[in-house]
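Me: I would like to go through some of the labels attached to this model, and to see for each one how the value leads to the word.

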Amino acid sequence: MRTILTLAAVRIRITLRNKAFLFFSLIMPMGIFFLYGSVFAKGKPEAVAYLMGPILSFTVMGTFWGLSMQLVTWREQGILRRFRLAPIAPSSMIISSIMANYLLIMPTVILELLLARFIYHVTAFGNLISVFVLVILGITAFGAMGLVVASVTNTAQETQIINQLLWFALIFLSGATVPLAVLPHMVQRIGLFLPATYFVYGLQRAMLADAQLYTLGTVVVSLLAWAVLAAFISSQLFRWEPEAKLPRNAKLWAVATILPFLLLGIWENHNGKLLATAAYMMEGRPTENTPPADKR
Amino acid sequence: MTNPVLQVENLVKRYGEVEAVRGVSFSVDEGEVFGLLGPNGAGKTSTIEVLEGLRVADGGRATVCGLDPQKNPNELKNEIGAVLQATSLPDKLRVSEAIRLFAGFYKRTRNPNELLRRFGLEEKRHSFYNQLSGGQKQRLALAMALVNDPRVLFLDEPTAGLDPQVRREIYTIIEELKREKKTIVLTTHYIEEAEKLCDRVAIMDHGKLIASGTPRELKQRSGDTTRLEVRLAKPAPKEALRQLEGVADALEVDGAYVLHCQRTAPAIVSLVKYLEAQGNELVSLEIATPSLEDVFIELTGRRLRD
């Protein structure tokens with residue numbers, strides 16, 4: 001445990017000294033915040049409240065960039081080898097990196113909530129406990145996804161390419177950029193296979209409909225299952241050495257991380273409840289009333 | 001009364017088709033400085049990295065402090081310290097943070113500040129890793145290797161790529177550790193490093209140990225003869241050179257001839273006469289007492305540094 005805390009503390013320091021990090025986790029999220037708040041929502045409190053889900057999702061989902069790049073460059077440069085000489089388990093490396101990310105991302109999340117309150121005068125943030133639980137789950141899950149990416153790639157360049165592909169899928173097909181409800185039907189159906197979609201949806205439900213954690217059961221359980229699976233797989237595929245070869249079935253393992261959302265996607269595509277609720281949140285007055293789709 | 005802290009029996013390490021280490025055996029006693037001397041690619045690093053637990057052997061047995069590097073990796077890592085052939089740390093990590101970070105991983109630790117002082121890094125304690133010079137990085141690597149007060153210290157090419165002055169600094173540090181009776185295993189392709197620092201040296205080439213002993217023993221092996229290293233304008237048959245008065249043996253190494261002679265003066269005279277008779281010219285001549293380099297040349301027919 002002491003090892004994990006020591007590692008996490010050092011990771012935080014190193015990351016804060018990295019200019020790219022400041023850009024991706026402070027400047028970019030702030031840019032998106034003001035773009036959404038002032039341009040898309042025209043500063044109207046209800047509209048800003050509706051967009052807080054996507055804004056926070058951007059901030060949280062961005063975590064996987066830093067984590068995957070750090071892991072792959074540390075391996076590529078032989079930094080992990082030096083760590084390996086000390087009695088450190090791969091799990092300590094993994095847990096400490098995710099833990100560091102809680103502390104690195106949380107201030108931006110809180111700042112965004114405060115700015116929404118004081119600049120755009122958003123008064124109702126729904127169920128903040130649900131919001132924070134989802135944020136923590138999101139940091140864990142998307143971070144672990146980044147570690148899996150770093151595990152199946154050998155160079156920072158390869159990692160970048162996969163990150164870009166994932167990033168575009170996550171932000172454009174999930175409702176984080178364009179609301180899910182207005183996306184073409186085909187895209188909506190694809191979006192239902194992406195964790196990001198559930199993440200954005202969960203945050204919006206928590207903030208707009210005051211959703212309790214248990215009513216967000218599907219979202220919470222699926223994100224949790226995904227986080228645990230991805231963290232487990234990244235620890236199985238962890239490589240200290242730059243020249244260590246990927247086990248032949250590694251890519252299969254990595255693909256296994258899509259399982260929870262593959263199943264959920266099939267289910268949601270079948271019953272259409274989430275899409276209906278998303279449409280309702282978009283048009284209707286977000287109230288504490290149960291949306292029609294929930295009445296069945 | 002000595003007891004080996006490190007034992008290696010018939011160690012084998014392969015990389016695909018390539019057999020880097022081919023049945024190496026040796027042991028190192030407590031408090032001894034043991035050197036693996038050999039050219040690049042001889043299998044030194046592979047051997048030492050198996051002992052550090054960084055690589056898995058494909059055959060044979062190795063124990064360090066009675067521990068198997070693969071079966072008890074964590075216990076082993078608490079007992080050893082190591083400087084890798086190339087150490088790298090995150091660029092934006094400060095010197096004092098690096099040493100504290102690593103101190104945090106062990107049960108038994110030495111005072112990080114004291115280590116920084118000892119290695120002359122006190123003024124650099126707030127510098128980022130990427131602001132350090134090569135010598136400072138290597139001193140930090142040494143300080144980090146000692147942070148758990150290890151029983152065995154592995155140094156893989158500790159002075160490779162450093163300029164002569166820094167190299168001497170590192171020698172002083174290693175000599176100090178030697179006085180403290182630390183067990184040290186080091187690899188090197190520098191003759192003087194092996195001669196100066198090691199109690200015992202094993203010469204390694206093509207994955208095998210081809211000789212071992214104290215530097216003195218190894219040199220005695222090659223006889224108490226003086227070496228004449230000569231370069232000639234035209235090649236000369238080795239047999240003819242061997243026939244010269246005072247010359248015991250003649251070898252050809254990288255286009256130069258090395259003559260072993262019991263008596264130097266007559267050998268030079270007879271060599272000059274011979275060359276004159278042949279219409280050959282003397283390009284250079286060097287007189288040397290036997291060194292480990294000669295031992296290496298005799299055993300392999302090659303120079304250590306290519």
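Reply: What follows takes a few labels in turn and sets each against its definition. This is a predicted model, in which local features need pLDDT of at least 70, side-chain atom pairs count only at pLDDT 80 or more, and totals for chains, interfaces and linings use all residues. Residues are numbered from 1 along each chain as its sequence is written, while chains are lettered from A and ligands numbered from 1 in the order in which they are written.

Me: Why is B:Cys65 called partly exposed?

Reply: B:Cys65 has 17 other C-beta atoms within 10 Å, and a residue is buried if 20 or more other C-beta atoms (placed from the backbone) lie within 10 Å of its own, exposed if 12 or fewer, and partly exposed in between. The count for B:Cys65 falls in between, so the residue is partly exposed.

Me: What makes B:Asp149 partly exposed?

Reply: B:Asp149 is partly exposed because 15 other C-beta atoms lie within 10 Å.

Me: What is noted about phi of B:Cys65 and of B:Asp149?

Reply: Phi is near 55° in B:Cys65, a positive value in a residue other than glycine, and near 45° in B:Asp149, again a positive value in a residue other than glycine. Most residues other than glycine have a negative phi.

Me: How do you know which domains chain B has?

Reply: The domain assignment of chain B gives domain 1 (4-217) and domain 2 (225-289), such bounds coming from an automatic or database domain assignment. The C-alpha centres of these two domains of chain B lie 41 Å apart.
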